[in-house]
Amino acid sequence: MYNVARVQEEAERFCAAVEQAEPFRPLMVKVKLTWQCNLACQMCDYWHRNIPSPLQPELVTRALDDLAALGCRKVHFSGGEPTLLPDLPDLIARARRHKMRVALTTNGTLLTRELSKRLVSAGLNSVCVSIDSPVRSVHDRIRGVPGALKQTMAGVRELHHAAQLRGATLPIRINTVVSRENYHTLDRLPALTHSLGAKSILLMPVDDPSGALLLNKRRLLDYNSRIAPSLAAQALALGLMRNLHEAYPFGTTRQELAASRKGRYARGQFQGQPCYAPWTHTLIAADARVAPCCSAPRVTLGNLQTQSLAEIWRDEPYRRLRQAMRDGSPLPHCAGCDVFLMENKVLHQIRTHCGLSSPAEM
């Protein structure tokens, strides 16, 4: 997530960039540092690849330098499992020297005392730790490794310890992918999150083109009627969620639930407004390709092995994507997006207040 409300400070420039299909500013960039992972999660295929990633540290370093020059405010390192990389603390330190905030997504199992100290010392600003169930047997089955939850909990405690030793503030968020395998256990998630000292919970509907992990109608209704109310009451009381809506990642209306059964988590949002990610966000994949976002990771806009990130950000493929978004022709992948929905609403309000027409109004 990133603070798009600050775009209001540059509203005229943002609106002009959208209208002309020109780049604005990469407010937040996600970098998948590696495909490799020490777990074998049901909903992920990265660990199947088990091949070295072409995205070498020198390419990431050059990309970070470009991002700083382009005005990037935040970089988010993920994978695979990024803590497998010995260069991770150095990359964090490089981004921090450029005054960018740094977030990290990790499964937490490899967060030893020494590594946690190095990450905190490098200037890490926040961490997202993946926990898919407060029930150990369920989490470990989803993650494909016995003892995974126990190791993750130990890793979270090491991060807290390292931050306390340094007198640093390091907010930790628990990321949970909600699937048919775990939804029935999630009313116990707030208690575990609170016991670990984490500050928030993010529920993410599972992305599974095969449909095997999607919730059917019965399970969606069961989640919304039995699990979500209890989860929401606890999370709101503990300050782990900001509003009731966050406990209902599949929506609440009949139309929203029908869309979620098919994995269409955007629930029609991009039929009435553009996605503004091509102006404010990019994804660097572990094979050095540059893509629009995590919802469209295989849409290639360039490659860091042959171009700089600054060149890709300004080049014709990105311009064509911006034109298509501006003119009301989203990518097919946009229907399944659950990532930047709220941010896109804020950006659309900013654009509307500039007096420009949205595609639906043209």
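Strand 1 (residues 28-32) and strand 7 run parallel and are joined by four bridges, where helices (H or I, at least four residues) and strands (E, at least two) are DSSP runs numbered from the N terminus, and where two strands pair if DSSP finds at least two bridges between them. Within this pairing, Lys30 has Leu283 of strand 7 as its bridge partner. This is a predicted model, in which local features need pLDDT of at least 70 and side-chain atom pairs count only at pLDDT 80 or more, while totals for chains, interfaces and linings use all residues. Residues are numbered from 1 along each chain as its sequence is written, and side-chain values use heavy atoms, with hydrogens and water left out.

- Nine strands make up an open sheet with mixed pairing, and their order is 6-5-4-3-2-1-7-8-9.
- Strand 6 (200-205) and strand 9 (302-303) are at the edges and have a single partner strand each, so one side of each is left without a neighbour in the sheet.
- Helix 4 lies across strand 2 and strand 3, and it runs at about 155 degrees to strand 3; axes here are lines fitted to C-alpha atoms, for helices over the stretch in contact, and angles run from 0 to 180 degrees between N-to-C directions.

- Strand 4 (residues 126-130) runs parallel to strand 5 and is joined to it by four bridges, with Ile174 in strand 5 as the bridge partner of Val129.
- Strand 6 also runs parallel to strand 5, through six bridges, and Leu203 in strand 6 stands opposite Thr176.
- A right-handed β-α-β unit is made by strand 5, helix 8 (residues 189-195) and strand 6; a crossover is right-handed if, with the strands pointing away from the viewer, the path from the first strand over the helix to the second runs clockwise.

**The nonpolar core**

- The largest nonpolar core has 98 residues, of which Phe14, Phe77, Tyr223, Ile284 and Leu304 touch the most other members; such a core is a set of buried Ala, Val, Leu, Ile, Met, Phe, Trp, Tyr and Cys residues joined through side-chain atoms within 4.5 Å.
- Helix 9 (residues 217-238) gives the most to this core, contributing seven residues.
- Beyond its neighbours within four places in sequence, Ile284 has contacts (heavy atoms within 4.5 Å) that include Val29, Val31, Leu55, Leu304 and Leu309.

**Individual residues**

- Ser78, found in strand 2 (residues 74-78), is buried at 4% relative accessibility, and its contacts outside four places in sequence include Lys30, Lys32 and Thr105.
- Arg143 lies in helix 6 (residues 136-143) and is buried, with a relative accessible area of 7%; not counting residues up to four places away in sequence, it touches residues including Leu39, Cys41, Asn107 and Asp132.
- Lys99 sits in the loop between helix 4 (88-97) and strand 3 (101-106), has a positive phi near 70 degrees although it is not glycine, and counts as exposed at 71% relative accessibility.
- Ala288, in the loop between strand 7 (281-284) and strand 8 (289-291), is another residue other than glycine with a positive phi, near 80 degrees, and is buried at a relative accessible area of 0%.

Notes. Buried means under 20% relative accessible area, exposed over 50%, partly exposed in between (1.4 Å probe, protein chains only).
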